[in-house]
Amino acid sequence: MNERNERIHGVACTFRKASDVYHAAEKVRDAGWKQWDVHTPFPIHGMDQAMGLPRSPVPRLTLLGGLTGFVTGCLLTWYTNSFDYPIVVGGKPFWSVIFPFPVLYECTILFAAFGTFFGQFIFNRLPRHHHPLFDHPQFARVSDDTFMIVLEATDPNFHVDESRNFLQSLGGQEITIVRD
Amino acid sequence: MAHAPDHSSERPAILDKVRPAELPRSPLILNNRGFHWITDKVCGIVEEPTPLWWKVTFVVALFIASFTFIGLTYLVSTGTGTWGLRSPVGWGWAIVNFVFWVGIGHAGTLISAILCLLRQKWRTSINRAAEAMTIFAVMCAGLFPLFHVGRVWFGWWLFPLPNQNGIWPQFRSPLEWDVFAVSTYFTVSALFWYMGMIPDLGAIRDRATTWWRKTFYGVLAMGWRNGNRQWSNFEMAYLLLAGLSTPLVLSVHTIVSFDFAVSNVPGWHTTIFPPYFVAGAIFSGFAMVLTLMLPLRAIYRLHDVINQYHIDNMCKIILATGTMVGYAYATEFFIAAYSGNAYEKFAFINRAFGQYAWAYWIMVSCNVITPQLFWFKKVRENHALVWIICLFVNVGMWFERFVITVTSLANDYLPSSWGYYSPTIVDIFTFFGTFGFFSVLFLLFIRFLPLLPMAEVKMVTPQADPHAH
C-alpha cells in the first residue's frame, strides 16, 4: 500500500441491474482481485461462483455444535440420573442411550443451531456498527434496489486511477472513492 | 437473447434444435413490481404514522390479555384447585391449550424451514409473519404447563439446575422430554427468525431519518452491509438452520404426543400419535396463518405480494392435512376394533357416542368436513369464506385436543372412578386472554419489524435472475 492510499478504503461503483453486476463481478474475479465485494439488496444466485468465493465455512461450526450438543446431552442425563442421584424408575436402566434419546436429539439440534447462528456472525465479522461504507452516499440504496462493487485499497491490484478506469470499463456508474 | 448461455457441452445436441417447452408458472409477484416498490411497501408499514386501526386493536388486545393476567393471578394466589382439574381428569384445559398453541406454531416452521428445503418459492411472502406467529404461539403455549405445575415459583425445577434438595429432573419421563423439546423449539425458532430478519432490519436502518429509528434498527441490524461475502455465509447459515428446524419441528410435536402415547391410558397409548399430531399441527397452523394474513393483506394492500396463488397453496395444504387428520381418526377406530382390547374399543365408542359426543362431532365436522370445501376453486377464491373456514379449523383442532385429553381420562378403566370434567371460569379467563397476549405481540411485530422478508421477496422476482435480459 502506498502513502496516498492511506486514508482510502476503496473505490465503489453502482449498477442498476442484477445481470450487469453479475457479469462485472466475473471480470473482477478474472482480473485477479482478492480484496473486494459485491453489495446487493438480496443474495444473487450464482454470485459466489461469479466472485470465485470458496464454500462458506459455517457448516464446520454447525457440526462442532451438534457434536457438542450430543455429548452434553449424554453427560447431563448420565450425571444427573445415573451418577449423582440414581433412582430406579419403571425398571429401566440408570442410563442408556435409548430412554433419554429425545433429550439428546434436542440438545444436538440446539447446539448445532447455536453453532450455525454464531458461526454466521463470526465468519461475517459481525456485529460491526461502524464501517467506511456507511458514510458513502450511495451505500444506503444498496439495501433497496442498487448493486455496488467495491474494490478495496488493501488489494495489491489497487491503484486509485487505474481501479476507477477498470470499474468504468465494467460499465459501473457513479464511480466514487470511499474514504476511511 | 444477446447472451444466450452455451449449454452445448452439457446437453444432447438434439435439445438445441428441439427446445423443451417452458411450463407456465404462476407469477409470485403480480404487476411486475420492482425492487424499490417492495422496499417501499414493507418499510412503509413500519415508517408510517401509527394507524388508527392499530391503536384500537392494540387496546382491545391488551384488554383481552388482561384476562390471562387476572386468571393467572387468581390461580397463583389461590391454588390450582381453581382450575377444573380433579380426579379422574388431572389434565384438562391446561394441556389442551398447550397442545393447541404449540400446534399453531408448527405451520410457521413448516413454511420457513420445510418449504425452504423443498424450494417452494411462494413461501417467501408469508414466511416472516408465519415465523413470528410460531414464536408468539409457543410463548402462549408455555404459560399453561408453567402454571400447571402449581407452585410456579418452582418452575425452574423443570430444568436440570442444581437446587437445595440435591435432586434432578427424571429423564425417563416424556414430560421432561417435552421441556427440552419446547424450549429448544422456541430458542431455535427465535434464532432463525432473527437471523433471517437482519438484512431487512439493515434496509430499514438505511432509510431511517430519526435518531431513535437509526439507533433501534442500527443496533438490531448488527452492521449488516449486504456484501456478497456476507450473503454467502448468511445463505449457508439460513439453509442449515432450515435443515435443523425441519427435524426439530417434527420431533417437537412427536414428543408432545409422547406425553400421551407413552402412558397406558386407553385412547392415548397408540403408535399413530406422532404422525397424527404433526399433521394436525400443520393443519391448524396453516389455518392460523390464513386467519392472520388475509386481514393484513387487505389492510396493507399486499395483493401483489400475497396473491391468489399463495392463498390457493395454503388452502390446498389445509385440505391435504385435514384429510390426513380425518384418515387418522378413521385409523384410530379401526385399530381399536382390530386390537381386541375391550378398553381400547370402549374408549373410541365412548368418544363418538359417550358423554363428550358433542365435542367429538364438533371436532369431526370442523376438521374433516369443512376443509373439504377447499376442493372447489370458487371457495378458495372467496377470501371471506376461506377466512371463516380457517376459523372453523382452529375451533376443530382445539376440540381435537379436548376430545383426546378429556374423554380418555374421564372414562378409563373402572366405571366407579369415572367423572365429568368441565372447566371453571378461571380456566376460561386464562385461555381467552392468551388470544389477547398473542395479538399484542403480533401487533407489536407488525408495527416495528419488517412484516415481509424484503430480500427474499426480491430474490424471487424475475429481474433478480442474473441471467435475465
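This is a predicted model: local features need pLDDT of at least 70, side-chain atom pairs count only at pLDDT 80 or more; totals for chains, interfaces and linings use all residues.
1. Basis. Local features need pLDDT of at least 70 and side-chain atom pairs count only at pLDDT 80 or more, while totals for chains, interfaces and linings use all residues. Residues are numbered from 1 along each chain as its sequence is written, and chains are lettered from A and ligands numbered from 1 in the order in which they are written.

2. Strand β3(A). Strand β3 of chain A covers residues 147-152; strands (E, at least two residues) and helices (H or I, at least four) are DSSP runs, numbered from the N terminus. Six of its six residues are buried, so β3(A) is largely enclosed by the rest of the structure. Buried means that 20 or more other C-beta atoms, placed from the backbone, lie within 10 Å of the residue's own. Phe147(A), Ile149(A) and Leu151(A) point one way, and Met148(A), Val150(A) and Glu152(A) the other way.

3. Partners of β3(A). Strand β1 of chain A (residues 8-15) runs antiparallel to β3(A), with six bridges between them; pairing requires that DSSP finds at least two bridges. Here Gly10(A) has Glu152(A) as its bridge partner. Strand β2 of chain A (residues 36-39) is also antiparallel to β3(A), through four bridges, and Trp36(A) stands opposite Leu151(A).

4. Chain B overall. Chain B has 16 helices and zero strands. Its radius of gyration, 24 Å, is close to the 23 Å that the globule rule gives for 469 residues, so chain B is as compact as a globular protein of that length. The radius is taken over C-alpha atoms, and the rule is 2.2 Å times the number of residues to the power 0.38. Buried residues make up 47% of the 469.

5. Helix α12(B). The 13 residues of α12(B) (357-369) should span 18 Å at 1.5 Å a residue, and the end C-alpha atoms are 17 Å apart, which agrees; the expected span is 1.5 Å times one less than the number of residues. Its buried residues are Tyr360(B), Met363(B), Cys366(B) and Asn367(B).

6. Contact between chains. Chain B gives 58 residues and chain A gives 57 residues, where contact means C-beta atoms, placed from the backbone, within 7 Å. On the side of chain B, α8(B) gives the most, with 17 residues.

How values were computed:
A residue is buried if 20 or more other C-beta atoms lie within 10 Å of its own, exposed if 12 or fewer, and partly exposed in between; C-beta atoms are placed from the backbone. Two residues are in contact if their C-beta atoms, placed from the backbone, lie within 7 Å.
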